[in-house]
Amino acid sequence: MPKKRKLPVPGKGKGKGKGKGSNLRPFHQFSLLPAELRARVWKLVDPEPRVVELRHHRVETKKKRIVDQIRCLSRAPAILHVCRESRRVAMEEKLYQKAFVRDQRYTWINYEIDMISITPLWTSWLEAERPLIQRFRFESENDEIFFHFQSKELRDFTSLRELHIVCLDPVGHWIKVAEEIGFPTENVFFMRQGDESTRMYSRQQLLEMNPARPFAEYSNSYYRQLYDKRIKGTEEDMPAEVVLGVSGTEP
């Protein structure tokens, strides 16, 4: 008796594509569906979170005028380029808006999910967009310029919900920043420069990398009190020699 032939199971063949998403099959008759059904499908497409890399330049025009230009290094949202129907639905649903408009150039942005990424934290060219940005990333070293001057620009990001700092020096050098800087959001993450698989440290994790030190300027830090559970009590609860210094005088 001949063996019964097994029917192929979608996504479990010998071909490529094993693993995540391997049970999906292409559907080539989408264009044959009624227009109402196609529009409904496009409305179900969620906007894709992106890291939008922006670079700022100042150029001189032929009329000797200096103008700002913002160049986007990231690809535009896929739904805006699949076909005319997908673009029309995305526009009707207001999934993206024109932003960073400079010299008739613009970038499509969804401020709720897109991570706006720049290199140095000089943001004067983002003056119009700073109150709108909700997710932000920048690269920097923890030097005197950043600590005392550039970090103050973050106060203007009044809608910020998440902040990523790409550290150009060892992450451990940023512990004082985690303690002292008043960020406009509690969701602050530190990461080394590299690919997206680089480990990120939250603000609390960064504070826990070093044991608590017995120095008044460290243990009395407001942010240290807030994030480091090993620091207990407040300045009023501490012995006078800790608050005023070992000698009993102000440091």
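Let's start on the inside: Phe100 counts as buried because its relative accessibility is 1%, where buried means under 20% relative accessible area, exposed means over 50% and partly exposed is in between, using a 1.4 Å probe and protein chains only. Before going on, a word on what you're looking at: this is a predicted model, where local features need pLDDT of at least 70, side-chain atom pairs count only at pLDDT 80 or more, and totals for chains, interfaces and linings use all residues. Residues are numbered from 1 along each chain as its sequence is written, and side-chain values use heavy atoms, with hydrogens and water left out.

Back to Phe100, which sits in strand β3 (residues 97–102). Helices (H or I, at least four residues) and strands (E, at least two) are DSSP runs, numbered from the N terminus. What is the phi of Phe100, which is not a glycine? It's positive, at about 55°. Most residues other than glycine have a negative phi. Follow the chain to Asp103 and you'll meet another positive phi in a residue other than glycine, this one near 50°. Asp103 belongs to the loop between β3 and β4 (105–109). With 45% relative accessibility, Asp103 counts as partly exposed.

Now for some charges. A salt bridge here is a side-chain nitrogen of Lys or Arg within 4 Å of a carboxyl oxygen of Asp or Glu, and searching the whole structure turns up ten of them. One of these joins Glu53 to Arg55, with the closest N and O atoms 3.2 Å apart. Are these two residues buried or exposed? Both Glu53 and Arg55 are buried.

Next, look at Asp68 and Arg58, whose salt bridge has its closest N and O atoms 2.9 Å apart. This pair links distant parts of the chain: Asp68 is in strand β2 (residues 66–72) and Arg58 is in strand β1 (residues 51–60), ten residues apart. Asp68 has a relative accessible area of 26%, so it's partly exposed. Arg58, at 58% relative accessibility, counts as exposed.

A further salt bridge brings together the side chains of Glu186 and Arg203, at 4.0 Å from N to O. Here, too, distant parts of the chain are linked: Glu186 is in the loop between α4 (175–180) and β8 (188–192), while Arg203 is in helix α5 (residues 203–207), 17 residues apart. Glu186 is partly exposed because its relative accessible area is 46%, whereas Arg203 is buried, with a relative accessible area of 1%.

Let's turn to a pair of helices. The axes of α1 (residues 35–43) and α2 (residues 84–93) come within 9 Å and cross at roughly 60°. That makes α1 oblique to α2.

Finally, head out to the surface. Which residues form a nonpolar patch there? They are Trp122, Ile145 and Phe149, and together they have about 350 Å² of accessible area. Patches are made of residues with over 30% relative accessible area and no salt bridge; like charges are joined within 9 Å and nonpolar side chains (Val, Leu, Ile, Met, Phe, Trp, Tyr) within 5 Å. Phe149 lies in the loop between α3 (144–148) and β7 (162–167). With 56% relative accessibility, Phe149 counts as exposed.

Notes. Accessible areas come from the Shrake-Rupley method with a 1.4 Å probe; for residues, only the protein chains shown count as cover. Axes are lines fitted to C-alpha atoms, for helices over the stretch in contact, and angles run from 0 to 180 degrees between N-to-C directions. Angles under 35 degrees count as roughly parallel, over 145 as roughly antiparallel, 65 to 115 as roughly perpendicular and the rest as oblique.
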